[in-house]
Amino acid sequence: MLLGPPGAGKGTQARLLTAKFDAAHISAGDLLRKAVVDGSALGRTAQPIMAKGALVPDEIVIEIIEERLRRPDCAGGYILDGFPRTLRQAEALAEVLQYLHAPLDCVISVEVSEEDLIRRLAGRRICGACGSMFHIDTKPPTRAESCDHCGGRLLQRDDDREDTIRHRLRVYREQTEPLIAYYDKLGLLRRIDGHGTIDRIAQRIHRALEDGQVL
Ligand code: AMP
């Protein structure tokens, strides 16, 4: 599991880990954004909440994640990204994983300063067509506003605007940060420094997994 504030790079590292372990990538945010695009009842409920930077109600997210964890591709392992985000979600997850006989091996807490998080999120741009990520300072596209891979238009997520980012960070501190102590008590937590390049952070995660005897 990758735990950390918005903008810590959980999604990027989760994709690398998924490829390395041939595991299923379970991103709560991606599943919710897909429900919004599909226009399902659940997506219609979630959309205004997500645009504000608040948390979607626990029951909704728990149901989506539970359904996802039961799919056959999770049998060979899974990487959780952005779930759980509340104590209630963590407790629900423990029950589901016990039932599925698929216990957590390790929880990686990715730690980044608030100043960096705001800079990263406010500069983030995503291709509306293929989902590739760019950053106006650290990974700018060759042609402004368009994707280097497919030429699609680059967009800013509604919730990546500065006032919404500050709200998301407050929500993180109040509701999600207590999970660090929760998983530490269970002996599953490994803290890593989330500053620096993608490769450096991936190396730190690798070492943390070795320390935790997951590798
Ligand atoms: P993310 O892509 O992980 O930054 O998530 C984007 C938004 O989706 C969050 O700001 C929340 O509104 C919602 N969301 C994602 N994961 C959860 C979760 N575990 N619980 C509640 N809301 C979530």
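Helices here are DSSP runs of H or I with at least four residues, strands are runs of E with at least two, and both are numbered from the N terminus. With those names in hand, please keep in mind that this is a predicted model.

**A cysteine in a loop**

Let us start with Cys150, which sits in the loop that joins β6 (133-135) to β7 (154-155). Is Cys150 buried, exposed or partly exposed? Its relative accessibility is 43%, so Cys150 counts as partly exposed, since that class lies between the 20% limit for buried and the 50% limit for exposed. Leaving out residues up to four places away in sequence, Cys150 touches Cys127, Ala129 and Cys130. Cys150 and Cys127 are 23 residues apart along the chain, and their C-alpha atoms are separated by 8.5 Å.

In soluble globular proteins, nonpolar side chains tend to be buried together. In this model the largest nonpolar core has 33 residues, and the members that touch the most others are Leu80, Leu93, Leu104 and Tyr183. Two or more residues each come from β2 (24-27), α2 (28-38), α3 (41-52), α4 (58-69), β3 (78-81), α5 (87-100) and α8 (178-185). Of these, α4 gives the most, with six residues.

Which residues is Leu80 in contact with, once neighbours within four places in sequence are set aside? They are Met1, Leu2, Ile26, Ile65, Leu93 and Leu104. Another core lies apart from this one; it has 20 residues, including Ala8, Ala14, Val112 and Leu121.

**Around the ligand**

Now turn to the ligand. There are 16 residues around it, and Arg33, Ala54, Gly82, Arg85 and Gln89 come nearest. By type, this shell divides into eight nonpolar, three polar and five charged residues. The element that gives the most to the shell is α2, with four residues.

| Residue | Protein atom | Distance to a ligand nitrogen atom |
|---|---|---|
| Val56 | backbone N or O atom | 3.1 Å |
| Gly82 | backbone N or O atom | 3.0 Å |
| Gln89 | polar side-chain atom | 2.9 Å |

How much of the ligand does the protein bury? Taken alone, the ligand exposes 480 Å², and the protein buries 95% of that.

**Backbone details**

Most residues other than glycine have a negative phi, and most peptide bonds are trans.

The peptide bond from Phe83 to Pro84 is cis, and its omega is near 0 degrees. Pro84 belongs to the loop between β3 and α5.

Asp22 is a residue other than glycine with a positive phi, near 55 degrees. You will find Asp22 in the loop between α1 (10-21) and β2. Asp22 counts as exposed because its relative accessibility is 67%, and the class begins over 50%.

Glu145 also is a residue other than glycine with a positive phi, here near 75 degrees. The loop between β6 and β7 holds Glu145, and it is the loop in which Cys150 lies. With a relative accessible area of 54%, Glu145 is exposed.

Methods. Residues are numbered from 1 along each chain as its sequence is written. This is a predicted model: local features need pLDDT of at least 70, side-chain atom pairs count only at pLDDT 80 or more; totals for chains, interfaces and linings use all residues. Side-chain values use heavy atoms; hydrogens and water are left out. A nonpolar core is a set of buried Ala, Val, Leu, Ile, Met, Phe, Trp, Tyr and Cys residues joined through side-chain atoms within 4.5 Å. Buried means under 20% relative accessible area, exposed over 50%, partly exposed in between (1.4 Å probe, protein chains only). Contact means heavy atoms within 4.5 Å. A residue is near a molecule or strand if one of its heavy atoms lies within 4 Å of it. A polar contact is a pair of N or O atoms within 3.5 Å; within protein, one must be able to donate a hydrogen and the other to accept it, and residues adjacent in sequence count only if both atoms are side-chain atoms. Accessible areas come from the Shrake-Rupley method with a 1.4 Å probe; for residues, only the protein chains shown count as cover. Ala, Val, Leu, Ile, Met, Phe, Trp, Tyr, Cys and Pro count as nonpolar, Asp, Glu, Lys and Arg as charged, and the others, Gly among them, as polar.
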